[in-house]
Amino acid sequence: MKENLYKYILGIADNSLILGQRMGALTGHGPSLETDIACTNISLDLFGQVRSYYQYAAKIAGDGRTEDDIAMLRKEREYVNVLLVEQPDTDFAYTMARQFLFDVYHFMFLTELQKSKDLTLAAIATKSIKEVSYHKRFSSDWIKRLGDGTELSNQKMQNAIDNLWTYTDELFHQTEADKAMVKDGIGVDVTKLKEGYYKQVIEVLEEATLNIPESKYFQKGGKEGIHTEHMGYLLSDLQYMQRAYPNMEW
Amino acid sequence: MVKTEQHIDQVLIPILEQVSDPEIPVLSIMDMGVVRSAIIENNVVKVQITPTYSGCPAMDVIGDDIKTALNKAGYNSKIELILSPAWTTDWITPRGRKALEDYGIAAPLNAEADKEALLGHKKIVKCTNCGSTNTRLVSQFGSTACKAQFQCEDCQEPFDYFKCLK
């Protein structure tokens with residue numbers, strides 16, 4: 001099997017799965033009906049994209065595992081999503097800040113992935129980017145609305161951005177599999193996205209009258225399977241049915 | 001490299017036109033543009049469909065409905081889901097757009113106008129009840145992934161707007 005390609009696909013897919021799980025968990029808990037529906041719609045888009053990735057990964061693995069097995073039956077250290085997407089919904093400002101900080105990256109990443117020599121990945125990217133453009137617009141809008149809102153909403157959004165900022169640098173780290181895939185013209189060289197990413201993010205933060213965090217200390221580890229303490233709880237929710245009733249199907 | 005035209009055997013068109021989108025029953029899957037090809041080979045119909053949105057839960061149902069409809073007409077079929085080329089709202093036929101409007105869903109504007117409408121910059125989405133463009137964006141996301149919520153400021157009717165996807 002193509003080991004590096006398999007790992008590379010999981011690196012992309014796990015981000016969407018875990019963020020999708022976070023957003024999906026807001027079903028019935030959103031701050032208003034409209035935002036509740038928006039968050040679950042975003043979740044649905046991400047899960048849809050994830051299915052395409054995992055189906056492809058299952059085909060590459062070729063060991064009889066299905067998309068569901070890959071999504072549901074790995075252990076914590078086998079998930080390679082970035083730390084940013086597993087951070088909890090401390091409040092709605094956190095939810096939107098997490099989404100925004102990921103969406104800007106996600107959009108740039110998919111823009112490049114469309115040019116991949118791997119036609120399946122390129123097709124998934126072309127399909128997904130249309131959806132992600134809506135996510136990005138939605139989350140950017142909320143950054144501005146809360147940042148440039150009341151004193152309290154500004155303070156809460158500032159707090160969320162300050163706390164999540166530490167997880168942004170990891171988006172631009174490369175694993176060994178990533179490097180190999182870039183070399184083959186399949187993967188995206190994320191190190192080249194970094195400058196444009198911060199430029200775009202800072203533009204929105206400034207428009208939202210928010211301060212740009214000055215901290216230069218960044219957390220990483222997710223891409224190597226070393227997660228924050230929130231990940232285990234998230235997985236116990238995500239995997240509950242498969243663990244309690246092995247092999248169950250809808 | 002990328003085929004954007006549809007290849008559908010003439011004899012299959014009336015059969016496929018009877019299959020409707022489970023979430024928008026007035027709209028046939030043909031008018032929706034999700035059937036990309038349908039070809040009879042050795043008495044088996046090979047059908048390729050493409051999702052509107054990646055997470056569209058209707059795709060499995062649409063696949064089953066196509067199978068059932070073709071089966072009734074005496075054909076066995078094989079359904080394949082394809083992602084490329086990616087579906088766009090441009091593939092909704094004029095008849096489909098009219099069916100949407102009659103059903104109470106505003107049809108998608110062009111990409112530029114869509115952006116203005118969804119950012120709330122311009123009042124251009126037409127109320128499906130009274131035709132006024134004095135409408136307000138309620139939410140960029142609606143009852144399904146493909147729609148946004150609007151409300152008419154004149155007749156107060158809430159309605160869905162089918163988002164442009166290009």
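This is a predicted model: local features need pLDDT of at least 70, side-chain atom pairs count only at pLDDT 80 or more; totals for chains, interfaces and linings use all residues.
**View 1. Where chain A meets chain B.** The contact draws 20 residues from chain A and 16 residues from chain B. On the side of chain A that touches chain B, helix 2 (33–61) and helix 6 (119–147) are the elements giving two or more residues.

**View 2. Helix 6 of chain A and its bend.** Follow the helix to A:I129, where it bends by about 35 degrees. How far apart are the end C-alpha atoms of helix 6 of chain A? They are 40 Å apart, which agrees with the 42 Å that its 29 residues should span at 1.5 Å a residue.

**View 3. Chain B as a whole.** Here you can pick out 5 helices and 10 strands. The C-alpha atoms of chain B fill a box of roughly 55 × 35 × 25 Å along the principal axes. Of its 166 residues, 41% count as buried. Among contacts in chain B between residues at least 6 apart in sequence, 53% join residues at least 24 apart.

**View 4. Strand 10 of chain B and its partners.** This strand (residues 158–162) is mostly covered, with 4 of its 5 residues buried. Strand 7 (residues 105–106) of chain B pairs with strand 10 in the parallel sense over 2 bridges, and B:I105 has B:D160 as its bridge partner. Strand 9 (residues 147–152) of chain B pairs with strand 10 in the antiparallel sense over 5 bridges, with B:K147 opposite B:F162.

**View 5. The hairpin turn in chain B.** Strands 9 and 10 of chain B form a hairpin with 5 residues between them. Look in the turn for B:Q156, which has a positive phi of about 70 degrees.

Conventions: Residues are numbered from 1 along each chain as its sequence is written. Chains are lettered from A and ligands numbered from 1 in the order in which they are written. Two residues are in contact if their C-beta atoms, placed from the backbone, lie within 7 Å. A residue is buried if 20 or more other C-beta atoms lie within 10 Å of its own, exposed if 12 or fewer, and partly exposed in between; C-beta atoms are placed from the backbone. The expected span of a helix is 1.5 Å times one less than its number of residues. The bend at a residue is the angle between axes fitted to the seven residues ending there and the seven starting there. Two strands pair if DSSP finds at least two bridges between them.
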